[in-house]
Amino acid sequence: MMITIDKMTGTVNVDGYQIKPSTKLAELPESFMTGQEMTVQVIREKVPCTFSSFIEATDSLETKVNLRFERDKLVSVFIHLTDLTKSYKEAADFYSSTPERKQMHLDWLQSKLGKGQDTYTSYQWGKVGVAQDRSDNVHIFIHNQNNIWAL
């Protein structure tokens, strides 16, 4: 699979399909799996969201691209990388690997946007970076101008 990110526009190309802020759920190719609309807590407000995902794996890396739509507008692209050569037999192994997993995501992001990319960078078209959730899962986020929460 080939994923590219256009540094000038924030357009994400996934396997030949261009994902832009104007992308609609109905336009996604069949390779994306779309879930049911659900309510998600964003800051202090409950927001109707729909997620659509694309997953591809090689022998050593699984790449999952999640698209987040709020009220039918694409607001964010999340990319989760999983090193398939690693196995975390115990929770402590997983949690202690957080810095390594963050670095893997940052290295991947820098390979797409350049070495100046940091864990959080603003562009004219939006914001991008590497983050982790409360469960220490690490991901890349790309928030476009439709995302009123992140801009």
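Hi everyone, thanks for coming. Please keep in mind throughout that we are looking at a prediction.

Let's begin inside. How many cavities of 30 Å³ or more does the structure hold? There is one, and about 70 Å³ of space lies in the largest cavity. Its lining is made of 13 residues, and those closest to the centre are Gly10, Pro21, Val77, Ile142 and Asn144. Strand 8 gives the largest share, with four residues.

The largest pocket has about 210 Å³ of space. Here 14 residues form the lining, and Leu81, Thr82, Arg101, His105 and Val138 are the closest to the centre. Which elements each supply at least two residues of this lining? They are strand 7, residues 61–70, along with strand 8 and helix 2, residues 98–113. Strand 8 again turns up with four residues, the largest share of the pocket lining. By class, this lining divides into five nonpolar, four polar and five charged residues.

That brings us to helix 2. This helix has 16 residues and spans 22 Å from its first C-alpha to its last, close to the 22 Å expected at 1.5 Å a residue. Which of its residues are buried? The list is Thr98, Arg101, His105, Leu106, Trp108, Leu109, Gln110 and Leu113. As a reminder, residues three or four places apart in an α-helix point the same way, because there are 3.6 residues a turn. The buried residues of helix 2 pack against several elements: strand 1 (3–5), strand 8, helix 1 (91–96), strand 9 (120–123), strand 10 (126–132) and strand 11. Just past the end of helix 2, have a look at Gly114, which takes a positive phi of about 105 degrees.

Last stop: Thr121, which sits in strand 9. Why does Thr121 count as buried? Its relative accessibility is 18%, and buried means under 20%, so Thr121 falls on the buried side of the cut-off. Setting aside neighbours within four places in sequence, Thr121 is in contact with Gly126, Lys127 and Val128.

That's my tour, and I'm happy to go back to any part of it. Thank you!

Key:
Residues are numbered from 1 along each chain as its sequence is written. This is a predicted model: local features need pLDDT of at least 70, side-chain atom pairs count only at pLDDT 80 or more; totals for chains, interfaces and linings use all residues. Side-chain values use heavy atoms; hydrogens and water are left out. On a 1 Å grid over the protein atoms alone, a cavity is a set of points where a 1.4 Å probe fits but cannot get out, and a pocket is an open set with protein on both sides within 12 Å along at least five of seven lines; lining residues have an atom within 4 Å of a point. Grid points are joined across faces, edges and corners, and a volume is the space filled by probe spheres set on the points. Ala, Val, Leu, Ile, Met, Phe, Trp, Tyr, Cys and Pro count as nonpolar, Asp, Glu, Lys and Arg as charged, and the others, Gly among them, as polar. The expected span of a helix is 1.5 Å times one less than its number of residues. Buried means under 20% relative accessible area, exposed over 50%, partly exposed in between (1.4 Å probe, protein chains only). Contact means heavy atoms within 4.5 Å.
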